[in-house]
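Dear colleague,

Please find below the structure I am handing over to you.

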Amino acid sequence: MLAAKNVLDPLDIAEAWVREGREVAIATVIETWGSAPRPVGSHLVIDGEGNFQGSVSGGCVEGAVITEAADVIASGAPKVLDFGVADETAWRVGLSCGGRIRVLVERVDG
Amino acid sequence: MERKILEALNAARSARRAAVTVSDLAGGSGLIYLEGDDCPETWRAAVGRALQSGKAGIVDTEQGSFFLNVYLPPPRIVVIGAVHISQALAQLAPVAGFDLTIIDPRTAFATPERFAGVELIAEWPEDALKERPLDRFTALVAVTHDPKIDDEPIRAALAAGCFYVGALGSRKTHATRVERLRRAGASDAEIGRIRAPIGLDIAAASPAEIAVAILAEIIEALRRRDTSQIKGAIA
C-alpha cells in the first residue's frame, strides 16, 4: 500500500477541523476495568455541531460522550466521565459487555 | 488539549516518532514529549516506562492525577527483494494492518506492473534506507537470496533494533551468511536475532504460503516482543 494517511484517524481529523475553524473536543479512554471494547488511549473527536469520528466503546456510550462534549466545548473545562455496566431496567447509558470505562473529554484550545 | 500539542503530536506520528502526551485530569495545561528529546526529571521515569511498554495509563503524583497517552509508530514491513514471495506479502500486509515498502535495485524485478499499488523503490537498499531509516517499529524481510543486496540491510536492521529481522535461505545458505556477518562485526546476540529459515514452520511450499508464514512470524515477533529490552527510550 502507498503510505497514505489513514483518513479515519481521529487526531488528524481533529486537527483538520480546528484548521477549518470548528470547535473541537477530544474524548480519550483513560481507564478500563473488566471487558472493555476499546483500549486505554483510544480517541473519539467531536465538533461543536455534534459530528464525531473514532470511538471510545463499541458504540454503547458514544451518544452520552457527544452530549457531554457539547458542555466541554461551551465551558472549556475538561470532564472525566465514568461508564459502568448498562442497567437495562433504568435504561441507563452503559456498557452491555459488563466492563467499566473512564473517559476524559477536553476542548482543543488555542 | 492545546492546539499546538495536537499539531506537534500529529507531526510526530507522521514522522514515525514515538510520543507521549501528559494530560492533567484536573484541567491544567498539557505536555508532549517525543522519544529522544529531553524530558524533565519529574516525568522522565513515567514517560520512559510509557515509551517502552507502549501502554497508556494514569499516573498519580503529589501534584495530582495525570493521564499519559502513548503514540507508537504503526508497524511497518520493509522487504528487500521484489520477488514472487514479496508480491503475495504486499497483498497480505495491509490486511493485517502493516505499512509495507519493497526495495530492490534490480529493475527487472522491481516493476510497477508486478507491484501495482505497492510502495516500490528500485534502488540499492543502502541508498533507499538513507531516505527512510529503519527503526524499532520496523520488520525487515530479506528475500533476494543475493548477499550483495541482502547483507547490508540485515546489518542495518540489527543495528537499528528492528523488532523482526528475517532472511530467506536454507540452513546452509544462512550458515555462510552468518560467517559473512560475523566478519563484518555482528555480535552473536545480533546474529541470534535473525529469523532463518524465514517464516513460521507451517510447511509452506508456494510463494503465497511462504508469505503467510513470514507475516505470521512478524505478528508473533511484534506481539511477543520484550519491551524491557527496547533501546532508545528516554534514559
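Chain B falls into domain 1 (3–71) and domain 2 (76–228), with bounds taken from an automatic or database domain assignment. The centres of these two domains of chain B, taken over C-alpha atoms, are 32 Å apart.

Please note that this is a predicted model, in which local features need pLDDT of at least 70 and side-chain atom pairs count only at pLDDT 80 or more, while totals for chains, interfaces and linings use all residues. Residues are numbered from 1 along each chain as its sequence is written, and chains are lettered from A and ligands numbered from 1 in the order in which they are written.

Chain A has a mean pLDDT (the predictor's confidence in each residue, from 0 to 100) of 86, and 82% of its residues reach 70 or more. Over residues 1–5 of chain A the pLDDT is below 50. Where pLDDT is low, the predicted coordinates should not be read in detail.

The contact between the chains (C-beta atoms, placed from the backbone, within 7 Å) takes 22 residues from chain A and 23 residues from chain B. On the side of chain B that touches chain A, H1(B) gives the most, with 6 residues; helices here are DSSP runs of H or I with at least four residues, and strands are runs of E with at least two, numbered from the N terminus.

A:Val103 touches A:Ala27, A:Thr28, A:Val29, A:Ile30, A:Val56, A:Val65 and A:Leu81, leaving aside residues up to four places away in sequence.

Yours sincerely

Conventions:
Two residues are in contact if their C-beta atoms, placed from the backbone, lie within 7 Å.
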